[in-house]
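User: I would like to go through this model feature by feature. Please give the general idea where there is one, then the case at hand.

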Amino acid sequence: WLKPIRLTAFFGRPRVDLTWSAWPRLARSALSAMKFGKQIKRLADPTHLHHCIAYDVLKKAITVVVESETKALPDSAELREVHEAFGQSGGALSGVSRPPDSRFHGLLQHELAKVNRFTNLQFRTLLDTLHEAHRRASKDGPLSEEKLSELERLLDTAAEKLIALEHFRRLNFTGFRKIVKKFDKQTSQVGMKGGSVATWFLPALLREFFVAEPLDAHLMAIALGYAALRRHRTGLGLDVPAPRGASQTPAVVATMAAAAPATTKTFWLMPPARLRALCTLIKRFELVVPATGFEPEGAVPSVEKMRRLLITMAPDGPTRAPLRLAADNSLVYYDGADFSQYMERITTNGACGIRYRETSHGAAGSGLVEFDGAVSALGGDAFTSMLQNSPSEAFPLYRPGQESLQESGAGAAVGLSEAAKIADHARVFASHVQELVDAAAVRGHPLEVKAVVGSSRVFLRGDTPATEGVAIALDEDVQFTVQPRESSAATAPSDAIDFPYCLLEVASDRDDSASAQWLEELWSYASVRTVQGFSVGAHAVASLH
């Protein structure tokens, strides 16, 4: 990220000339050294600042509470400022009849109510924008370029509002977390009695409206609006339904299946930029939703899906059941005691080594043994619980509950004739897996589980001539464990290792995918890093062993 720094002379004195890409890192370093109260003023939208947590005033309220317990409290300037900011809620600070944590909690509740009110207002404003976009997208007949530009402007506005709302939520959550920890620290330093506020306040904070209200439905509504816009511009119109599920068109599946041993490309993405990255991608790619209750029976146009979704999002809608876009993704990496698979991954370019992958929505389903970095993992085989004789290099060889991968490999030979009916390359892959298993047994290092990579995965795929053949997966909450986790990051084992980035994995049969416009836009946000030869499996094994 930091390009070489050039030292030049300017009027006889050395000058440091920084390139543009140096500024994101310098800005983060400056922000990390800055007080959080100043960070809020710098990072918050100026129009939202008065609706954010009053962090600096709460810091002064902590001083007032501490002084009231240790000495007689004068009518100080800090106390007057707290009273002005909180009104009647701040009057209880000077009284000693209530415990200090109870008095401070009253101020926290005042701030929570303020943040929740503004969040609710922003959600309603965003919903109004989406309804207006749907009204324009649902008009019969072809739309003029002027009308399409107006629709695109509305969708861009909705996307920016969603990003701003997520930023507002993240900034205020961090503020509440920091202020209660500061309260606990200062009260413990002066020996004040009472338990830690953070132990009971932070779990309750996760249930607050501005934190707990999901954004997936709003993101899906914007994605459906962009899908309708793309169909208008490509001349398909509204009568052509968007494809369902994770399956690609036959041409794309065939291309991806024939691509083995081609591999996907993986980029690192800054976690705070996840939503902005998704809003950038849904402008050009279809957001793939697993088969859930949201998906209506049969093929339905995008604009009709958007209408039905907006009805459920209304405050008085028929249902408020959350829509979950992410699928639970689990990658199990096998290796022997000599770590031969690990060495192959770090020394070979392209798909190499095998892994077991299970990608399902909700309850655990079936899984696949496949090449590490197989392009089919982002194509026709994206959701393993939906597989039906998938014609790719990845097909069921191993099921949870079997004693070992060796038994699974041996059983693959029996079912080889059925695999040959699916595709010839499936038989070749089965033989390759069997050879790996046999070779490991001959060396005296039988294959066993060495690392499990768990994540929440969101899929996107190209649905226009310009993006056809491109599939994208965005993984967040990436964790490494020795044993498989149960379902999601929330139930991960206590010995899990967190990976500090999101992973953006791209499979494409296009030569210009690396310089695609959407990737250039992500780079412009300084949120994506390219790591040459990165393998999440090799990284997980190295971290755990």
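**Reading the chain**

Analyst: Of the 545 residues in the protein chain, 48% are buried. The model is predicted.

User: How many helices and strands does the protein chain have?

Analyst: The protein chain has 19 helices and 12 strands.

User: What share of the contacts with a separation of 6 or more comes from residues 24 or more positions apart?

Analyst: Such residues account for 73% of those contacts in the protein chain.

User: Next, helix packing. How do I read a pair of helices?

Analyst: In general, two packed helices are described by the angle between their axes and the distance between the axes. In this model, helix 6 (residues 100–137) packs with helix 8 (residues 198–205) at an angle of about 15°, and their axes are 13 Å apart. Angles under 35 degrees count as roughly parallel; helix 6 and helix 8 are therefore roughly parallel to each other. Their crossing is right-handed.

User: Which residues of helix 6 and helix 8 meet?

Analyst: From helix 6 come His105, Leu108 and Leu112, which meet Trp200, Phe201 and Leu205 of helix 8. By class, this contact of helix 6 with helix 8 has 5 nonpolar residues, 1 polar residue and no charged ones.

User: Now a single side chain in helix 6. Is Phe118 buried or exposed?

Analyst: Phe118 is placed in helix 6. The cut-off for buried is under 20% relative accessible area, and Phe118, at 6% relative accessibility, therefore counts as buried.

User: Which residues is Phe118 in contact with, leaving aside its neighbours within four places in sequence?

Analyst: Phe118 is in contact with His48, His51 and Phe168. Phe118 and Phe168 are 50 residues apart in sequence, and their C-alpha atoms are 9.8 Å apart in space.

User: Where does His48 lie?

Analyst: His48 lies in the loop between helix 2 and helix 3 (55–70). With a relative accessible area of 12%, His48 is buried. Not counting residues up to four places away in sequence, His48 touches Phe118, Gln122, Ala164 and Phe168.

User: Finally, backbone angles. What should I look for in phi?

Analyst: In general, most residues other than glycine have a negative phi. In this model, Phe339 is not a glycine, yet has a positive phi of about 55°. Asp477 is another residue other than glycine with a positive phi, near 50°.

User: Where is Phe339 placed, and where is Asp477 found?

Analyst: Phe339 is in the loop between strand 5 (327–335) and helix 14 (340–347). Asp477 is found in strand 9, residues 470–481.

User: What is the relative accessibility of Phe339, and what is the relative accessible area of Asp477?

Analyst: Phe339 has 23% relative accessibility and counts as partly exposed. Asp477 is partly exposed too, with a relative accessible area of 42%.

Methods:
Residues numbered from 1 in each chain as written. Predicted model: local features only at pLDDT ≥ 70, side-chain atom pairs only at ≥ 80, totals over all residues. Heavy atoms only, no water. Axes fitted to C-alpha atoms, helices over the stretch in contact; angles between N-to-C directions. Helix = DSSP H or I, 4+ residues; strand = E, 2+ residues; numbered from the N terminus. Parallel < 35°, antiparallel > 145°, perpendicular 65-115°, else oblique. Left-handed = near helix turned anticlockwise from the far one by under 90°. Contact = heavy atoms within 4.5 Å. Nonpolar A, V, L, I, M, F, W, Y, C, P; charged D, E, K, R; others polar. Buried < 20%, exposed > 50% of the residue type's maximum accessible area, 1.4 Å probe, protein only.
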